[in-house]
Amino acid sequence: MTMDFNFYMDDITGQARSEMEAGGYEQLKTADEVEAAFKRPGTTLVMVNSVCGCAGGIARPAALHAIHSDKRPDHLVTVFAGQDKEATAQARMHFGDYHLPSSPSFVLMKDGELVAEVGRHEIEGHDPMSVVTNLQEQFDQHCEEL
């Protein structure tokens, strides 16, 4: 019996991608798309997506619920670790030396500079609402009111 790995992964990632797009997040699949997105003025929430259980059960639901706040980022984008490797690597180049490359994770940028992050260690093993609260605290500090 053989299994087409790409077919299997496309099914999983397709659902994860459509979930984020339906929530208003822009998929960044190339290095050029990352560069263009990170040059936009204002605040940008970057969700580093993945296929792991904590991404599907905690990070993606938190990403979708956190943005329902008085203050929220101007732009919502996502890169898919392990899938869109070029885009993810390019995004991580902007996150600075102290950023641990982990997925899932969130990075909040302001005018192209990292101002806050929520790493995997703050997602895995936590409930979605604690991640929502963490993100909204960052929005309150760095984002403008709608």
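Select D84 and R17 and show their side chains: they meet in a salt bridge, with N to O at 2.8 Å. Keep in mind that this is a predicted model. D84 sits in the loop between β3 (75-80) and α4 (85-94), while R17 belongs to helix α1 (residues 5-22), so the contact ties together parts that are 67 residues apart in sequence.

How many salt bridges does a search of the whole structure find? The search finds four. Two further pairs are on this tour.

Select R60 and E19. Their side chains meet in a salt bridge of 3.6 Å, N to O. R60 is in helix α3 and E19 is in helix α1, so this pair ties together parts 41 residues apart in sequence. Now check the cover on each partner. R60 has a relative accessible area of 9% and is buried. E19 stands at 24% relative accessibility and counts as partly exposed. The cut-off explains the two labels: buried means under 20% relative accessible area.

Move to R40 and E26. The closest N and O atoms of this salt bridge are 2.8 Å apart. Find R40 in the loop between α2 (31-38) and β2, and E26 in strand β1 (residues 26-27); the pair therefore ties together parts that are 14 residues apart in sequence.

**The nonpolar core**

Select Y25, L45, F106 and L135. Within the largest nonpolar core, a set of 23 residues, these four touch the most other members. Next, color the elements that build this core. At least two residues each come from β2 (43-49), α3 (53-66), β4 (105-110), β5 (113-118) and α5. Which element gives the most to this core? It is α3, with seven residues.

**Two backbone stops**

Switch to a backbone view and select S103 and P104. A cis peptide bond joins them, with omega at about 0°. P104 is in the loop between α4 and β4.

Go on to D111, in the loop between β4 and β5. Look at its phi angle. The value is positive, about 50°, although D111 is not a glycine.

With a relative accessible area of 60%, H121 is exposed. The cut-off for that label is over 50%.

**A negative patch**

Select D70, E137, D140 and E145. Together they form a negative surface patch. Zoom in on D140, which is found in helix α5 (residues 128-142). D140 is at 45% relative accessibility and counts as partly exposed. To close, show D140 in the patch together with the core residues Y25, L45, F106 and L135.

Conventions
Residues numbered from 1 in each chain as written. Predicted model: local features only at pLDDT ≥ 70, side-chain atom pairs only at ≥ 80, totals over all residues. Heavy atoms only, no water. Patch = residues over 30% accessible without salt bridge, like charges linked within 9 Å, V, L, I, M, F, W, Y side chains within 5 Å. Areas by Shrake-Rupley, 256 points an atom, 1.4 Å probe, with all protein chains shown as cover. Lys, Arg positive; Asp, Glu negative; His and termini not counted. Charge placed at Lys NZ, Arg CZ, Asp CG, Glu CD. Helix = DSSP H or I, 4+ residues; strand = E, 2+ residues; numbered from the N terminus. Buried < 20%, exposed > 50% of the residue type's maximum accessible area, 1.4 Å probe, protein only. Core = buried A, V, L, I, M, F, W, Y, C linked by side-chain atoms within 4.5 Å.
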